[in-house]
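This report goes through selected secondary-structure elements and residue contacts of the structure shown below.

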Amino acid sequence: MLRFHTQTGGSTLTAQQPDNNIVRVTIQTLAAVLGGTQSLHTNSRDEALGLPTEDSVRIALRTQQIVAYESGVTNTVDPLAGSYFIENLTDKIEEEVSKYLNKIETMGGMVQAIENGYVQKEIQDAAYKYQQEIEKGDRVVVGVNKFTVEQEKPKEILRVNPRLRKVQSEKLMKLRKNRNNRETEEALQALREGARDESVNLMPLILDAAKAYATLGEICNVLRDEFGEYRESIVL
Amino acid sequence: MIGKLVNGIIHGETRSIARAISWIENDVPQKEELIDALFEHTGRAQVIGITGPPGSGKSSLLDRIIEQERKRDKKIAVLAIDPSSPFTGGAILGDRLRMQKHTVDAGVFIRSMASRGHLGGVAGATSDSVKVLDAAGFDLIVIETIGVGQTEIEVMNIADLVMLVLVPGLGDEIQALKAGVMEIGDIFVVNKADKEEANRLKAEIEYVLHLKSEDEKGVKSPIFMTSATENTGIEELVNGLHEYMQRMGENGTLRERRRRRVTLELKKIITAKIEAHVHKFLETGNNLDVWIDQILRKKTSPYKLINEKVIQILKELKEK
Amino acid sequence: MSRKIRILISKPGLDGHDRGAKYIARALKDAGYEVIYMGIRQSPEAIVKTAIQEDVDFVGLSLLSGAHNELFPEVVRLLREQGANDVIVFGGGVIPQEDISFLKEQGIEAIFTPGTPIQKVIEFIETNKERVLH
């Protein structure tokens, strides 16, 4: 079985009339479920405005639950099976995907393609084209270039309490003081040595480090030291 | 204004250096005065060009070279050239991204430069900008060319030494070698040397170099194997670069090159000046229209007419 | 003499959402400007150093993480501190309407929120470029 995760499209969220995003996310959720996804992330309606509020996150979750428990699409394995149009689209996607995979293969594989900037270039070209279509009005985005409203009512936006930063850094200081630092150091050192040996699976070592109260930053710093940091090839 | 700028530059002040380069790029009227004022402070820096096909990793290699040179406490300036769009004149300048860990280092100055329609792999402003950086006290000035191939010969006329970077696996390397790109390089770098075909590429370069007639002073062009991502071979490259430069100084190659550079530069300035005068002459009055009519009415022929007029133009220019 | 407008586009802070910044960079190039693209995860210090070395006329900052009230003003402050008084700073990204007046007070001259047509950004540059001609 092909297992896959789906996330609804962040770039389709609009800052204008943000409640419309609930409808967009619903359609995308339904599409993902009809496509047989095993794992799904639904975006919140206000993510083009800020970090989502508790209410917005709940709606995003409820969207999945409504599709799962109320719509009935989960009653059968593949509700769209046999639809000529869907099968045709699927074949088309498959064909295009094969073209891409072959092209990437001739470049020497995905890693090479990313190093060459090919993958980024394809994404950027698509993003550029998409945006140009919206700006020229060739592609309709409801509430942005069509069916707009003059005065939008103010939206409720999540404000992160600036005090949280202080609270968090105090927690961190406390953790570093109270943990068994020798144990933490040893776990990080084991991770470092593991990183130097290509045959070692790092996941258990990362878990050990976390259990020894090493922070995410400390774990990443070890890996950064050993592997260096990825730098994207920018092709614009 | 110029005095203040000159003073800032010779004290190595970033804002003055940057502004001066903009003046040169924008060809402001005060440019000539500025360059002349800086002239007595120039002549100390070593200037190297780095060229090679797209994807050869020039910027990443340069990033490592800067790292090495900073360990030796050298001050370094980089001019990274990218193409301007021939349609809109716009440009995306992104080479410095690969050198960004040096951004906050006061001993490193990086400037992106759009070619602005200039052909030859560098910008029209590159040569004068090198003078500004030289006067500002940088020990090493590196010109990174656009990197599109055979036409990139102009860097030879600006740099003391040119480093040609090649990589295995671009597929057309042998073609490139045959096409005369090899003549540009003084020293050769096989970057991404961790790839398996690297040794084969090295052998190919050696073969082509063997065919190349003995160069100016019989100095053999060295080939270095590096990997910018793995950070290998860089120290050897930088050592080799300085050794080569030293040899060029000892056997007179450097002196000859600098002489050739001044020769070409003077010729270029003279031609540009006269051309500007001619354009002005042609634009003022209706000289050109009268001549065109004469030609169209078959009263005279183009060469005959112009050969007579050239003398007249020169005379008028002299009177002014 | 041919004067070109130079614009630095960068993302300060830690979010990696660069679709918008890249779109702006490319669209500004197509509009005939010289764009220095710095990409993601830049510190205000690095942005300001780059702006000065590149002698840019405008700095465009994009941010979607919510830290705009801290990072945008810091870029302006460092620019002024280092004597780059003539550089015009603008911003964009996920920025709530009610933060815009604060950011403008801090010297960020324009904020472009999602859905802004690129023409608006170009108009802003065209109407303000006289101020930076030197």
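How many bridges join strand 1 of chain C to strand 2 of chain C? In this predicted model, six bridges join strand 1 (residues 6-12) to strand 2 (residues 34-42) of chain C, and the two run parallel. Among the partners, Ile7(C) is bridged to Val35(C) in strand 2 of chain C.

The open sheet has six strands, ordered 3(B)-2(C)-1(C)-3(C)-4(C)-5(C), with parallel pairing. Strand 3 (91-93) of chain B and strand 5 (108-112) of chain C each have a single partner strand, so one side of each is left without a neighbour in the sheet. Direction ignored, neighbouring strands are turned by 25° against each other on average. Helix 3 (residues 68-81) of chain C packs on the sheet, and its direction makes about 160° with that of strand 3 of chain C. The strands of chain C that helix 3 touches are tabulated here.

| Strand of chain C | Residues |
|---|---|
| strand 3 | 58-63 |
| strand 4 | 88-93 |

Strand 1 and strand 5 of chain C are also touched by this helix.

In chain B, helix 8 (residues 234-250) has 17 residues and reaches 24 Å from its first C-alpha to its last, close to the 24 Å expected at 1.5 Å a residue. Its buried residues include Val238(B) and His242(B). Helix 4 (58-71) and helix 9 (253-283) of chain B are among the elements covering the buried residues. After helix 8 comes Gly252(B), with a positive phi near 90°.

Glu69(B) lies in helix 4 of chain B and counts as buried because its relative accessibility is 0%. The side chain of Glu69(B) makes a polar contact of 2.6 Å with the side chain of His242(B). Glu69(B) also touches Val238(B), as well as Lys74(B), Ile76(B) and Leu140(B).

Technical notes
Residues numbered from 1 in each chain as written. Chains lettered and ligands numbered in written order. Predicted model: local features only at pLDDT ≥ 70, side-chain atom pairs only at ≥ 80, totals over all residues. Heavy atoms only, no water. Helix = DSSP H or I, 4+ residues; strand = E, 2+ residues; numbered from the N terminus. Expected span 1.5 Å × (residues − 1). Buried < 20%, exposed > 50% of the residue type's maximum accessible area, 1.4 Å probe, protein only. Contact = heavy atoms within 4.5 Å. Polar contact = N/O pair within 3.5 Å; in protein donor to acceptor, adjacent residues only side chain to side chain. Pairing = 2+ DSSP bridges. Axes fitted to C-alpha atoms, helices over the stretch in contact; angles between N-to-C directions. Lists of a residue's contacts leave out its neighbours within four places in sequence.
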